[in-house]
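My entries follow in the order in which I looked.

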Amino acid sequence: LAGSPGAEALSVGVNPIRKVVNLLQQMQKKVTEEGEKEKELYEKFECWCKTGAKNLTDSIAAAGEKIEALGAELKADAEEKAKLEEDLKQHKADREAAIKAINEATAIREKEAAEYAKLKAEHGANAAAFEKAIGALERGMSGAFLQSYSADVLRKFAQRGASEDRRELLAFLSGSSSYAPQSGQIVGILKTMSDEMLADYNAATETETEAIRVFEELMAAKTTEKKLASEAIEKKTARVAELGIALAEKANDLEDT
């Protein structure tokens, strides 16, 4: 049985030496494969270390540059905001000053206009009374004139002064003296007073015209000042708000960097 072919085949199939050799070969192959894997992992790790370190260095450098830039921007924005806030105080003061000047000038102009309107009305009434008085006296109708409304107007006019001519006119209008048509004394007084009154009225008119011109120029200038100040306030107020938001965002960004 031991020398039969079947026995020899069985002996070869279970040869322990071959089994050991096969096992060693398998182990060698496994060790080689694991070594290659470890080598690959090591190479990857070594590459990661090199690139990771560089990326970290670059990231730190970029963060430093960003911090420096944000710090500079924060400083510039804060300085601009502070200056704009000071500008706004001045613009508001300028606008208030312009409004005050407009209101004061308007009040003065209204008062002057009212005074001139009163003067103009009085001049019209007085001029008409002088004209009627001179005409009536030149026609020898002094008696009828003394009973008229125009005579009352002249009496009030004569009472507003203490000159000799006014006293003469007031005495005539009161009927305490007689009028001699040929002398023309009262007519002369009336004509002189009328001319003086007209000269005063013309001077007042010139003054009123000049006051209107000055007022209109002042109003134009102050209105422009007010408009420019208001525009500057609106624009700079918006910019201050923008800077406030930008400062908050950059401060947060700086904190997160």
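This is a predicted model: local features need pLDDT of at least 70, side-chain atom pairs count only at pLDDT 80 or more; totals for chains, interfaces and linings use all residues.

Residues are numbered from 1 along each chain as its sequence is written, and side-chain values use heavy atoms, with hydrogens and water left out.

**Entry: overall make-up**

I looked up the elements first, taking helices (H or I, at least four residues) and strands (E, at least two) as DSSP runs numbered from the N terminus. The chain has six helices and zero strands, so that I could write its order from the N terminus as α-α-α-α-α-α. Of its 257 residues, 21% count as buried. The exposed surface comes to about 18100 Å², of which carbon and sulfur atoms supply 58%; these areas come from the Shrake-Rupley method with a 1.4 Å probe, and for residues only the protein chains shown count as cover. With contact taken as heavy atoms within 4.5 Å, I found that residues 24 or more positions apart account for 77% of the chain's contacts with a separation of 6 or more.

**Entry: helix 4 against helix 5**

Two packed helices are described by the angle between their axes and the distance between the axes. For helix 4 (residues 149–158) and helix 5 (residues 164–173), the axes come within 9 Å and cross at roughly 145 degrees; the axes are lines fitted to C-alpha atoms, for helices over the stretch in contact, and the angles run from 0 to 180 degrees between N-to-C directions. On the helix 4 side the contact is made by Ala151, Leu154, Arg155, Phe157 and Ala158, and on the helix 5 side by Arg166, Leu169, Leu170 and Leu173. Sorted by class, the contact has seven nonpolar, no polar and two charged residues, where Ala, Val, Leu, Ile, Met, Phe, Trp, Tyr, Cys and Pro count as nonpolar, Asp, Glu, Lys and Arg as charged, and the others, Gly among them, as polar.

**Entry: salt bridges**

Side chains of opposite charge can pair when their charged atoms come close. I counted a salt bridge where a side-chain nitrogen of Lys or Arg lies within 4 Å of a carboxyl oxygen of Asp or Glu, and the search of the whole structure finds 18 of them.

How far apart are N and O in the salt bridge of Lys81 and Glu85? The value is 2.7 Å, and because the two residues are four apart in helix 2 (residues 16–138), they are separated by about one helical turn. Lys81 is partly exposed at 22% relative accessible area, and Glu85 is partly exposed at 32%.

In helix 6 (residues 185–256), Glu225 and Lys222 lie three residues apart, about one turn of the helix, and their side chains meet in a salt bridge of 3.3 Å, N to O. Glu225 is partly exposed, with a relative accessible area of 35%.

Arg239 and Glu242, which also lie in helix 6 three residues apart, form a salt bridge whose closest N and O atoms are 3.3 Å apart.

Lys66 is found in helix 2 and is partly exposed at 37% relative accessibility. Lys66 and Asp253 are 187 residues apart in sequence, yet 9.5 Å apart in space, C-alpha to C-alpha.

Leaving aside neighbours within four places in sequence, Asn126 is in contact with Val153, Leu154, Phe157, Arg160 and Met197.

Definitions and conventions. Buried means under 20% relative accessible area, exposed over 50%, partly exposed in between (1.4 Å probe, protein chains only).
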